[in-house]
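I set out to record what I looked up in this model, one topic at a time. The entries follow the structure below.

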Amino acid sequence: MSAVTEHKSVLDSCRRLEREGWRVTWVGVQPDGIIDLDALRAAVDDRTILVSVMLANNEIGVVQPMAEIAAIARAHGALLHTDAAQAAGKIPVDVDALGLDLLSLTGHKYYGPKGAGALYVRRRKPILQLACQIDGGGHENGLRSGTLNVPGIAGLGMAAEICRLEMADESARLAALRDRLLSGLRKHLDGIRVNGCMSSRLPHNLHVSFDEVEGEALLMALGDLAVSTGSACSSGSQEPSHVLKAIGAVGDRAGASIRFGSSR
Ligand SMILES: *Cc1c(COP(=O)(O)O)cnc(C)c1O
């Protein structure tokens, strides 16, 4: 079971499983981008092996109620995975408090080097044993063979350490910048609409729609601001993203939607 607003890395993996004969149930989100918990309750049953819901969305920054999702999964004996690529280093992530069995992250989303990620696998209650992902020498306890990318791994760890030390201050600073940007936009422009829940959201993310404005024209007018109308992983596409479609931000509203991210 997974959610319709997942990143392509999860969507495409689930689609592959479907092609191999597994049944994947897709759960929708509310207009604020939060997963529909009633639909999730209805979708998960005792045949569900795995629930995979992202912790924070890469476009609209919405943070999902993971502990509630975990309770639903646990009630049916299903394992819970989260894609924490956007959340790690930005908000506190505690695998026990959130009830997670598996968590994946990527270092470059929190200022680490590209090309290295991590998968947390619960070792107790329950003991999880993963199948081998890559053959060829038995590295990483036989899970993923191949010589390790030591600079990438060390960089991922160092970046995590820096985030651990600075996250509290940094998040408050980025949220203040984000909020200042939003109030500035609202002060000077009509027809501003925030996409995604504002109260359960990454501190640095602002995703807004500009009514009756054309997206590409808006981008051009923004000059040297580094922003994007689509998702970075699906750029070049003129179609509104699957996330914007899922929250009903379609038509003109999706065309002139921009994600602003405040950062170091
Ligand atoms: C960036 C991202 C990924 C993919 O990670 P890469 O290491 O860039 O392939 C997966 N999920 C989310 C939510 C992301 O933001």
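**Entry 1: the loop with K125**

I located K125 in the loop between β6 and α4; helices (H or I, at least four residues) and strands (E, at least two) are DSSP runs, numbered from the N terminus. I note that the model is predicted, that local features need pLDDT of at least 70 and side-chain atom pairs pLDDT 80 or more, while totals for chains, interfaces and linings use all residues. Residues are numbered from 1 along each chain as its sequence is written, and side-chain values use heavy atoms, with hydrogens and water left out.

I read a phi near 45° for K125, a positive value in a residue other than glycine. Most residues other than glycine have a negative phi, and most peptide bonds are trans. The peptide bond from K125 to P126 is cis, with omega near -5°. P126 is in the loop between β6 (117–121) and α4 (150–188). K125 has a relative accessible area of 76% and is therefore exposed; I use buried for under 20% relative accessible area, exposed for over 50%, and partly exposed in between (1.4 Å probe, protein chains only).

I then checked N141, which lies in the loop between β6 and α4. N141 has a positive phi of about 55° although it is not a glycine. Its relative accessible area is 80%, so N141 counts as exposed.

**Entry 2: S257**

Which side chain does S257 join in a polar contact? I found S209, at 2.7 Å; a polar contact is a pair of N or O atoms within 3.5 Å, where, within protein, one must be able to donate a hydrogen and the other to accept it, and residues adjacent in sequence count only if both atoms are side-chain atoms. S257 is in strand β9 (residues 257–261). S257 counts as buried because its relative accessibility is 0%.

**Entry 3: the whole protein**

I counted 7 helices and 9 strands in the protein. The radius of gyration is 19 Å, close to the 18 Å that the globule rule gives for 264 residues, so the protein is as compact as a globular protein of that length. This radius is taken over C-alpha atoms, and the rule is 2.2 Å times the number of residues to the power 0.38. Along its principal axes the C-alpha trace spans about 55 × 45 × 35 Å. I noted that buried residues make up 42% of the 264 residues.
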